[in-house]
Structure formats: C-alpha cells, structure tokens
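Colleague: I'd like to go through this model with you and ask where each label comes from. Can you set the values against the rules as we go?

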Amino acid sequence: VGVFRQALALDPASSAAHFNLGMALREKGDLTGGLPHLPRVLDVGGPYTYTVENLTLNRGAAYDTSHNSGGGGVFCCGEGTACKIPSFKTRSTVVVDDVVFTNNTGDDGAAFYSLECDFDVKNSVVADNHSHADGGAVNLRFSTATFDGVTFDGNEGLDGGVMAMFDSSATITHSTFSNNTGGQYSAGIWA
C-alpha cells in the first residue's frame, strides 16, 4: 500500500497506481478506502442509445458500501448514473458488438450492471469477471438483454456465476457457458 501511495505522490494521474492502490486496500478489507481508486470503465445512463464495439473492457471495478452496485465494465442506469432504485421514467439502450469484458470486479454484475436498461450483446467474450454478490458477470434489474454469439467463461459470483436477473428478461442464442462458478445458487443464471 505504501509503495502505491508513493507512486501517486509522484504522479497523481497514474491510473495504474490508482488501480493497484485500490486493489491492495480492497484485499486488506478496506473497501471504503479503495473505492475512489477503482473506477468503472464506462458509466452511462439517460434516455440514450450507446454503442460499444471492437474493444476490451479490462480491470474495471465498482464497489460501494451498500448493496446493488456493480458494473466494473459498464454501469447503466436508465434514469442517469446515480440511481439505485427503478424510476420507470426512462430507459437506456447499450449495443455491444465484438467486446471482451475481462477481469472486472464489483459487488453485483462485474462485467455489467443494468438498471432499467436494454442490452444487445453480440459476438463478445465475458470472461474471468468476479462479483461478491449477485451475478458474477451480469446483473439485470428491470432490464432486458439479448445475447447472441457470446462466450461466458470463468466468471464467479455468489448468486449466479454468470448472471442474476430481477424483474428482467434475457434471450440467449448461439452462446457458450463454461467454467463459471456460483457460490450459493446457480453457476449459470440465477433468476
């Protein structure tokens, strides 16, 4: 921890030093101290359509001291990025094509967390993401999702190694689930 604090003193803008300090504090059990150093990769919301394509979302982190936070790769909230409960007012749409979500962490849905959003995910890889609660890779709340040609591999979560769904629906075609782990419930989908 001390080495990473020294690195930040020398270069306060160093994303590597922030990430390493955040992870070190997290591993010591200091989530509150580590949170400001562990940013999400994408944080979107509002009544818009977002397109994410041809990239890798790697090592994003989303932790909160309360439940229902996640989306180390993508956090989407239909009403905006600060919401925690559904408003039933607006929806966001996120279109994902040829994206690798890997090594993301979060409380819920480490690769992506969706509250009142619609996800269309195709030709992508969702691998080695880890959450401490609902949905190792994906958490859907009052949302819809379509997955086509998606590989889910090596994801881990307490409830639903790949995905947890609450008042949501998902359509999954031509996709692969392998080597995923769920602690209390399903290693695949918990709905």
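This is a predicted model: local features need pLDDT of at least 70, side-chain atom pairs count only at pLDDT 80 or more; totals for chains, interfaces and linings use all residues.

Colleague: Then what makes β2 and β5 a pair?

Modeller: Strand β2 (residues 49-58) and strand β5 (residues 92-102) share nine bridges in the parallel sense. The rule asks for at least two, so they count as paired.

Colleague: Which sense does the pairing of β5 and β8 take, and over how many bridges?

Modeller: Parallel, over six bridges, with β8 covering residues 117-122. Here V95 stands opposite D120. β5 also pairs in the parallel sense with β9 (residues 125-127), over three bridges, and there V100 stands opposite V125.

Colleague: Why is R91 with D118 called a salt bridge?

Modeller: The N to O distance between their side chains is 2.9 Å. The limit is within 4 Å, so the pair qualifies. R91 sits in the loop between β4 (74-77) and β5 while D118 is in strand β8, so the contact ties together parts that are 27 residues apart in sequence.

Colleague: And what makes R91 "partly exposed"?

Modeller: Its relative accessibility is 37%. Buried means under 20% and exposed means over 50%, so a value in between is partly exposed.

Colleague: How many salt bridges are there by this rule?

Modeller: Three. One of them joins D120 and K122 at 3.8 Å, N to O, which is within the 4 Å limit, so it counts. D120 has a relative accessible area of 27% and K122 is at 28%, so each is partly exposed.

Colleague: What about R141 and D134, are they buried or exposed?

Modeller: Buried. R141 is at 12% and D134 is at 6%, and the cut-off is under 20%, so each gets the label. Their side chains meet in a salt bridge at 3.5 Å, N to O.

Colleague: Let's move to the open sheet. What is its strand order?

Modeller: Six strands in the order β1-β4-β7-β11-β15-β19, with parallel pairing. β1 (42-45) and β19 (189-190) each have a single partner strand, so one side of each is left without a neighbour in the sheet, and that makes them the edges.

Colleague: How do you know that β7 pairs with β4 and with β11?

Modeller: Four bridges join β4 to β7, running parallel, and strand β7 (residues 112-115) pairs with β11 over four bridges, also in the parallel sense. The rule needs at least two, so each pairing passes. For examples, F75 stands opposite Y113, F112 opposite V138, and S114 has L140 as its bridge partner in β11.

Colleague: What makes you say that both faces of β7 are covered?

Modeller: F112 and S114 on one side are buried, and so are Y113 and L115 on the other. In a regular strand the side chains alternate between the two faces of the sheet.

Colleague: Which residues touch the most other members of the largest nonpolar core?

Modeller: V96, F101, F112, F119, V138 and F147, out of 25 residues in that core. The elements giving two or more residues are β2, β4, β5, β8, β11 (138-141), β12 (144-148) and β15 (163-166). β5 gives the largest share, four residues. In soluble globular proteins, nonpolar side chains tend to be buried together.

Colleague: What does F119 touch?

Modeller: Leaving out residues up to four places away in sequence, the contacts of F119 are V74, C76, V94, V96, F112, S114, T144, A145 and T146.

Colleague: Which residues make the nonpolar surface patch, and why can F177 be in it?

Modeller: I172, F177 and I189 make a patch of about 210 Å². F177, in strand β17 (residues 176-178), has 37% relative accessibility. A patch residue needs over 30%, so F177 clears that cut-off.

Colleague: And the protein as a whole?

Modeller: There are three helices and 19 strands, and 47% of the 191 residues count as buried. Among contacts between residues at least 6 apart in sequence, 79% join residues at least 24 apart. The accessible surface comes to about 8500 Å², with 53% belonging to carbon and sulfur atoms.

Note on methods:
Residues are numbered from 1 along each chain as its sequence is written. Side-chain values use heavy atoms; hydrogens and water are left out. Buried means under 20% relative accessible area, exposed over 50%, partly exposed in between (1.4 Å probe, protein chains only). A nonpolar core is a set of buried Ala, Val, Leu, Ile, Met, Phe, Trp, Tyr and Cys residues joined through side-chain atoms within 4.5 Å. Contact means heavy atoms within 4.5 Å. Patches are made of residues with over 30% relative accessible area and no salt bridge: like charges are joined within 9 Å, nonpolar side chains (Val, Leu, Ile, Met, Phe, Trp, Tyr) within 5 Å. Accessible areas come from the Shrake-Rupley method with a 1.4 Å probe; for residues, only the protein chains shown count as cover.
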